[in-house]
Amino acid sequence: EQELPPLVTPVQKELSSSDPLVLMGLFGQYLFLQKALEGIFIVDMRAARFRIMFDALQKEHEGGVQKQILFFPLEFSWGNSDVLCLLENKKSLEQVGFSLRQSCANTISVGAIPPFLQENQIGEVLEEILASLLCLEGNAAIKKEKDTKVAFIAAQHACRGGVSSAEEGMLLYKRLLEEKHSLLDPKGNKIIRRLQHEEIQKLFC
């Protein structure tokens, strides 16, 4: 994740002002909000979910983590070096909700998955995590870097689902404001953009 300074920006000040916030609606993955004196705020719901989930996974490293136990474990086959890499980094995977073991020479059995992921996503997620861990192995990465990368990938896949209503989006937005870096997602991309009255006028000139 890009290192972000804990600063209060002008946009954060405006969002927290006493001016009433009006929910305008949901357009695709974007939530539109209005503050009469500050303009229109557009919130990227996928980026917001990415930030919230990533921060939640980072916090859960300090305590218990939720898991979705599978009635029928999933099995995946890889080469010996790939299986060894996953087993060596088993703790990092467990910290985001995975439970896995080696069922035979080249096969990993997954008995539990993060509750925010679907079973049909697991193969792709583990492939991506494995590729990142293999890259980090050659750089003598410390455990914290591996934990962060695993959490980053898991959260990125969790954010692919959108919100179903403006009301759900508003709840997600309110939760976003509780995060330390509520304006940027873990990649450093903006989550909230503002259109001031003058900018809207220019669209019609």
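Residues are termed buried under 20% relative accessible area, exposed over 50% and partly exposed in between (1.4 Å probe, protein chains only). The model is predicted, with local features requiring pLDDT of at least 70 and side-chain atom pairs counted only at pLDDT 80 or more, whereas totals for chains, interfaces and linings use all residues. Residues are numbered from 1 along each chain as its sequence is written, and side-chain values use heavy atoms, with hydrogens and water left out. Helices (H or I, at least four residues) and strands (E, at least two) are DSSP runs numbered from the N terminus.

In helix H3 (residues 80-88), the buried residues are Asp82, Val83, Cys85 and Leu86. These residues lie on the same side of H3 because they cover an arc of only 160 degrees around the axis, taken from the directions from the helix axis to the C-beta atoms. Asn80, Ser81 and Glu88 are exposed on the face turned away from the buried side of H3.

An open, antiparallel sheet is formed by four strands in the order S1-S2-S3-S7, where pairing requires at least two DSSP bridges between two strands. Strands S1 (21-27) and S7 (192-195) are the edge strands, each pairing on one side only. S1 is joined to strand S2 (residues 30-35) by six bridges, and Leu23 has Leu33 in S2 as its bridge partner.
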